[in-house]
Structure formats: structure tokens, C-alpha cells
Amino acid sequence: MGLLLLILALGVATCSALLDSVDRKPSGTPAVQRAGSGP
Amino acid sequence: VVDLVRQGRAWAPVAKTAALFLLPLPLCIAALVDLTHGNVARFALTGGALGCLWTAGAVSFSALVAEARYFLGQRADPPRLPLKLMSLGLTALGAGLAATAGGHAWPSALLIAALAGLGYRAFYGRDPTARRIAVNAAEGVDIAAVTAQLKQAFGRLQGIEQAAAAIAVPEFGQRLKRITAIGHQILAEIERDPRDAARARKFLNVYLDGAEKVTVEYARTHRQLRNRPLENNFRQLLVDMESTFDAQHRKLLEHDALALDVEIEVLNARLKREGFN
């Protein structure tokens, strides 16, 4: 149970940080819109 | 073999720290990407989160090593600093920073930090608290020596309690719980009147050690095979153990040292016959 919670919390936090870093342009401009996420 | 099992059981939790080194690995890549992109502000978040989580892993490692040594009686006291609590804080902070780097709003980042803290507590447990041993002064008694003896004896009772938790037969668990409860009363009695340490020297130096070895050995063999004669033998041994502990306590109160030593000799002989001692 404890390990599952830890995996959930750290998994969500670290993976979203990784995705956000990869999506950003080198200039530091906001993240590129992913397909289907725009209006 | 008994010592190996005991040591294995004490050291196994140390391996759990691997989680705090492996789970943040995506942050390594994120931090590298942020560095190569020149995003210093973001690198502060991802790098900070990585630093917090790996530091939490290192602090947890030293906490669990110290805890294993404490449970094995290799150190007299648990760590003075609440290492696990510090590590919990670092884990929550690291998770919060990583969530913020991931674009989560602060309420969501706070929730993730709280979940990480909760997970840490459930997975690694609390810091062990040292039992305060306060031996009353008595003329002609070496208080430091009695305190050391009591620390060792409390460690042995703890060893019996740990082994009892691994025994699946509820009846044996209950008997062992009663036995350790009486053991605690005996030690409290010695704490109150340290002159009792001399009267109970065989209990402290020989019998308690034998009782721990018997219980750990049974917990080990019981996992491997269910053997009716072995169970009956162990049951009888526990009955004898409980009555001796009880007699020990009563006779300590009565200061009847001679009869106490005789009873311990009888039980010690029985332990030897059973091949446990």
C-alpha cells in the first residue's frame, strides 16, 4: 500500500515533469501544444 | 543459521531505499533536457526535486542501517535525529517540486506532495524510539553495567516479539505475547531495584537468550514445514517458558534467588535436551 502510494505520487510528479521538459522549446517559451489538446 | 535469519530479517528493509533512487529517474532526463535547453528556472525545479528525492534516499538508507543495527543489538540506541521524518519531508518536498515542474497548479502539487509523504510513512514506517531506561540508584550496584544488561535484555524481548509476528499459529503468538509482557515486568522490576539484576543474572544472561533463539528458530522452521510433533514440542516449551517467566517475576518480588536459579537450571536443561541451546 505504502509503495503503491509512493509510486503513484512520484510517478505522476516525475513523469509530468519529464513530459513538460521535453515539450518545451529551448528558448524557454511555453510548451508545444500536443495534438488534440488545442481548441 | 538462526543468526543469519535474524540478520536477514533486520537488514532486508534497507533494500527498500532503492525505491527513492529509482522512482525519480525520469527527473534525471528532465533536468538534463532543461540544462541543454538553457531553462535555468525549470532546472531549479527538476534538479531541486531530484536532489531532494535522492537525499531522502540517502538519509533513509542511513536510518534503516542504524535501525537494523539497533534491532540486532549492535548499537545500544536508535539514531538521535529523526532521520525517517527528515526523509519524509524531503520526499514530500521533492514530489511537490517535481509536480510544479510538471505544470501542476499549487493545490494539485500540494496533494501530490501529501500523497508522497503518506506513502513514505506507510512504506518505511516511523523512527524507532529509544526505550528510556532509568535505573534507580542502589548502594554497591554498578548502575552503568545494569543499564547495559537491561538494554540487551530489552533487545532480546524485541527479538522475540519480531519472531512471534512471523509465526502463523495464533495460539503461539498469544503465548509469546504473554511471555514478553511478563519479561517486560521483570525488567521493569530490575529497573526499579537494580539489586535484582544479580538475583536474575541467569535470566538476563542465559535464559532470555535461549528463549529468543528458540523462538527465532521455530519461526524459521515453521515457515518451511508444518510438523505436528514439532508444534507440540514448541507448545510445551512455551507453557514451560511462561510459567518460568511468571515464577521468575514472583520470586524476584520475593527475593528468592536460590529457588529461581534452580528453576532456571531445570528449564535450561530442557532447552539443551531439545537441542535449542
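**How helix α1 of chain A meets helix α6 of chain B**

The crossing of α1(A) and α6(B) is left-handed, a label used when the near helix is turned anticlockwise from the far one by less than a right angle. Helices here are DSSP runs of H or I with at least four residues, strands are runs of E with at least two, and both are numbered from the N terminus. The model is predicted, so local features need pLDDT of at least 70. Residues are numbered from 1 along each chain, and chains are lettered from A in the order in which they are written.

The pair consists of residues 2-23 of chain A and residues 106-124 of chain B, with axes that come within 7 Å and cross at roughly 150°. Those axes are lines fitted to C-alpha atoms over the stretch in contact, with angles from 0 to 180 degrees between N-to-C directions. The two helices are therefore roughly antiparallel to each other, the term for angles over 145 degrees. On the α1(A) side, the residues in contact (heavy atoms within 4.5 Å) include L3(A), L6(A) and V12(A), and those on α6(B) include I112(B), L115(B) and F123(B). By class, this contact has 16 nonpolar, two polar and no charged residues; Ala, Val, Leu, Ile, Met, Phe, Trp, Tyr, Cys and Pro count as nonpolar, Asp, Glu, Lys and Arg as charged, and the others, Gly among them, as polar.

Zooming out to chain B, there are twelve helices and zero strands. Of its 277 residues, 47% count as buried, meaning under 20% relative accessible area with a 1.4 Å probe, protein chains only.

Note on methods. Predicted model: local features only at pLDDT ≥ 70, side-chain atom pairs only at ≥ 80, totals over all residues. Heavy atoms only, no water. Buried < 20%, exposed > 50% of the residue type's maximum accessible area, 1.4 Å probe, protein only. Parallel < 35°, antiparallel > 145°, perpendicular 65-115°, else oblique.
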